[in-house]
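Visitor: I would like to learn how to read the contacts, helices and overall fold of a model. Please take me through them one at a time.

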Amino acid sequence: MATMTDTTMPTTPRAIHDEMIAFGIMTALLLVVPLTGVYPFFVMQALCFALLACAFNLLIGYGGLLSFGHAMFLGTAGYVSAHALKVWGLSPELGIVAGVAAAAGLAVITGVVAIRRQGIYFAMITLALSQLLYFIYLQTPFTHGEDGIQGIPQGYLFGIFNLSNPIILYYVILAGFLFGFLLIFRTINSPFGEVLKSIRENEQRAISLGYKTDQYKLLAYIISGTLAGFAGSLKVFVAQNASLTDVHWTMSGEIVLMTLVGGLGTVFGPVVGAFVIIAMQQYLAGFGQWVTVIQGAIFVICVLTFRRGVIGEIAHYFRRSL
Amino acid sequence: MQALYAQLLVGLINGSFYALLSLGLAVIFGMLNIINFAHGAVYMMGAFVAYFLLNVAGIGYWPALIIAPIVVGIFGMILERTMLQWLSGLDHLYGLLLTFGLALIIQGVFQNYFGSSGLPYSIPDELKGGMNLGFMFLPIYRGWVVVFSLIVCLLTWYLIERTRLGAYLRAATENPTLVRAFGVNVPRMITLTYGLGVGLAALAGVLSAPINQVRPLMGADLIIVVFAVVVIGGMGSIMGSIITGFTLGVVEGLTKYFYPEASNTVVFVLMVLVLLVKPSGLTGRAA
Amino acid sequence: MQNRISAVLVAVALSCAATGFASAQDKTIKIGVLTDNSGLYSDLGGVGSTLAAQMAVEDSGLAGKGWKIEVISADHQNKPDIATNIARQWIDVDKVDIFMDVLNSGVALAVNNVVREKNSIMINTGAATSDLTNAQCSPNTIHWVYDTYMLANSTGQALVKAGGDTWFFLTADYAFGAALERDTTAVVVKAGGKVIGGVKHPLNTADFSSFLLQAQASKAKIIGMANAGGDTTNTIKQASEFGIVAGGQKLAGLLLFITDVHSLGLKVAQGLNFTETFYWDMNDGTRAFSKRFSERMKNKAEPSMVQAGVYSGLVHYFKALEAMGGNPHDGAKVVAKMKEMPTDDPLFGKGTIRADGRKIHPAYLFEVKKPEESKGPWDYYKLVGTTPGDQAFRPLSESVCPLVKK
């Protein structure tokens, strides 16, 4: 069985060097965004989704597990953070902690169930679990069902940074994104990441080498879910609402799409993919449901002819790892 | 008590749709090793074909029961020929992603033209009205749906498990190379199988049109429940998916009576329980 | 997330390209019609609301006086998060001055927050929740056409008086359903009736059978439908399948629009009682407008009260701006001006806007005609009662709105 991703290359000093340069370019670009006059709300949203896609990519790209339910972490963390900020009146940093903790807890519980099966079954189970959560959130009072949680106060981060100022908010979100991104980068290049990759390539061999592969997969799942939750908590400050859209399966599909477009198993692919998809939704918004059709078409094209994704193809062309 | 029986009937009707859809998924999975994410979309197409037949060509419910599955089945076979067959040899997840993309395209196109609210499709005159059975009020159409789906499910089971064609099918699943050596055209068989699975979904769509109305997103949420049904039942056996489908419908109906708040989630909760106890599903073999 | 801004741009010819007026007041207006263009409420709002806005612009004659007015519209898909995204972008990037329609109570309450935060304007003609002018009232929002308090007050009271003293609610599970059920329950209890149960259903439900079975099992005399649009018409159609009306229970449509009656057909809808504040066949003014309106609708539909409200609200908005001599682009200031001036237009007649943002006009209790009584297409309603404006809505003495000085 051919694996989902065959574009990653062995981690070598040169690869890491390439990646650091790319990281520097990306950071520099993102730092100057507010000066360019681009609608900051759009970039902040894209950053949240980029982090989300990176977290998702950790699981599929390096663990070989396709989750079709990652929206549940995004939505759960969003709801909990929103509730903490609005109802409990917590400060922004504590609101984020609450959301992330909730996502982590959810990841532990669902992870234990989901990693019992692999491949397509894993995808279907995560999808079903997230749908279960969707219905729970539809009915529990604290989420306000269809209405969602609205008008969430942005507050002052650490008591100093006024998050209702778009420029300050932008840099806070950017800092959050970079933090999450580097954490994932570090994980991939750690011994833990190496074991994950070996499980993806050949689980039987990893088992015979004495690795308890289920534990590794569970841990990868928990890290991925927790970081996805972090993205959800950040998004609350941007959108100032938390709603069912973020837990719906269409959102899970969009996460898969972003990563697929950018390149499964590439470090920067999910970031590029997230920006591409969010920009597309933004600029094609006038075409109604044709956006959905185009997204579907991108799925089909990617799967049939373009399985490495944008970054994957570039990396493949230059024989580099990105 | 009357309400209990009535809710059980509603459950059985949903169970019929679960059974028809999970049966189709199982048939396709057996042959193509693909989880057909577009199953909900073709179910919706079945309903739309019936709607078009009635409103454009004036062709009613009964012919639609035959025409719609054939039309949609052919559409499915074209998809298989032009796209799905290129995925053999790749990770099965690519099949899931491709069919997910197809589902988005199909649903999006219909949403563009028909919005997201329902179009009415009325019950055929022969099946209008209801009977008072004493212990409950039975709308005739709904009774018909249950009986008819059961018959179709059993016929499909017979076709695959008890006929020569079915024997080829099963053999080709186990060992395609060997079956090809016997002179059977395996790729054509795969195409036909996909058409059959998709046709079953379209049939379910026609049956559902008078109950659920014709809506572009009618299959989108349903398919996820059906996935859970498939995980619970395991995909190993045809009869397994039929029985699981109907049973879960009934369980849902019971939940609607005893604890309505949980009726949306009960199937998913059961899925979790089954996974904890028997990860391969009730009738499935280890994947 | 996917904010779909249908770029329905209706630029109205500008006559003053010349720079002579530049030193005078700013005379540009951008109107955003935020509604459901594709879902279960699209008949009662949707493109009809955009058309009504365009007609208001054309009829105002402001283009001839040097004003430049633009109408844009977007589909919020009944999702509050999508709606707030669009709203924010409309205000920040597209410089929209005023939000019209904004049907769906959940959406309306969400947009209400954004509009207040950014000092824009919302004339809400589509949403029902009475919270818009009570607990959630805002100096930037006017609630134009109807609300849940007034529906409950008029329809609920009439039904209890007619002997419907036990109720079971079938409620759309979001802000609107909750508000309508709450306000109707208050009226039923006050009139001596009893609520013996209820069930919530998701917005945009296709199969109501299991909910209807619960309603049937409750044995309540009245099944109150606290839902709207496609949900209400589905409920009514399916109730007959399970023999509910034949079994002696009565369905009460707490909120019905003429477009719903049209899609149900008179045979199914006959005899239903409900309340509206506008009907196309009320007088010469409404008939003249409706004739022009339906001629321009693709399906020749007569205007719903929501669509009529868009027209009427804009007429008053334009009057206020003209009186101010230009557009100050200051939401609260314009709304304050609008509250000062009495309203008068051919569709809703004379009225006022209260301090809490509630537009005041009479409420009409209608009954759907029998098929044999109807003289032609869209001839659906009989007027059976009128509540004067000062009694139709929640009295200010009961208000918790901070804008109301006591």
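Visitor: How many residues of chain C are in contact with chain A?

Guide: Two residues are in contact if their C-beta atoms, placed from the backbone, lie within 7 Å. Here 23 residues of chain C are in contact with 18 residues of chain A. On the chain C side, α2 (80-92) and α3 (105-117) each supply at least two residues. Helices (H or I, at least four residues) and strands (E, at least two) are DSSP runs, numbered from the N terminus.

The model is predicted: local features need pLDDT of at least 70, side-chain atom pairs count only at pLDDT 80 or more, and totals for chains, interfaces and linings use all residues. Residues are numbered from 1 along each chain as its sequence is written, while chains are lettered from A and ligands numbered from 1 in the order in which they are written.

Visitor: By class, which residues make up the side of chain A that touches chain B?

Guide: Ala, Val, Leu, Ile, Met, Phe, Trp, Tyr, Cys and Pro count as nonpolar, Asp, Glu, Lys and Arg as charged, and the others, Gly among them, as polar. The contact between chains A and B takes 37 residues from each of the two. The chain A side has 25 nonpolar, ten polar and two charged residues. Its largest share, 13 residues, comes from α5(A).

Visitor: Which residues of α11(B) are buried?

Guide: A residue is buried if 20 or more other C-beta atoms lie within 10 Å of its own, exposed if 12 or fewer, and partly exposed in between; C-beta atoms are placed from the backbone. In α11(B) the buried residues are B:V267, B:F268, B:M271, B:V272, B:V274 and B:L275. Seen down the helix axis, they fall within an arc of 165° (taken from the directions from the axis to the C-beta atoms), so they line one face of α11(B). On the other side, B:L273, B:L276 and B:V277 are exposed.

Visitor: Against which helices do the buried residues of α11(B) pack?

Guide: They pack against α4 (92-114) and α5 (119-139) of chain A, together with α9 (222-233) and α10 (238-258) of chain B.

Visitor: What is the mean pLDDT of chain A?

Guide: pLDDT is the predictor's confidence in each residue, from 0 to 100. The mean for chain A is 89, and 96% of its residues reach 70 or more.

Visitor: How many helices and strands does chain A have?

Guide: Chain A has 13 helices and two strands. Of its 322 residues, 59% count as buried.
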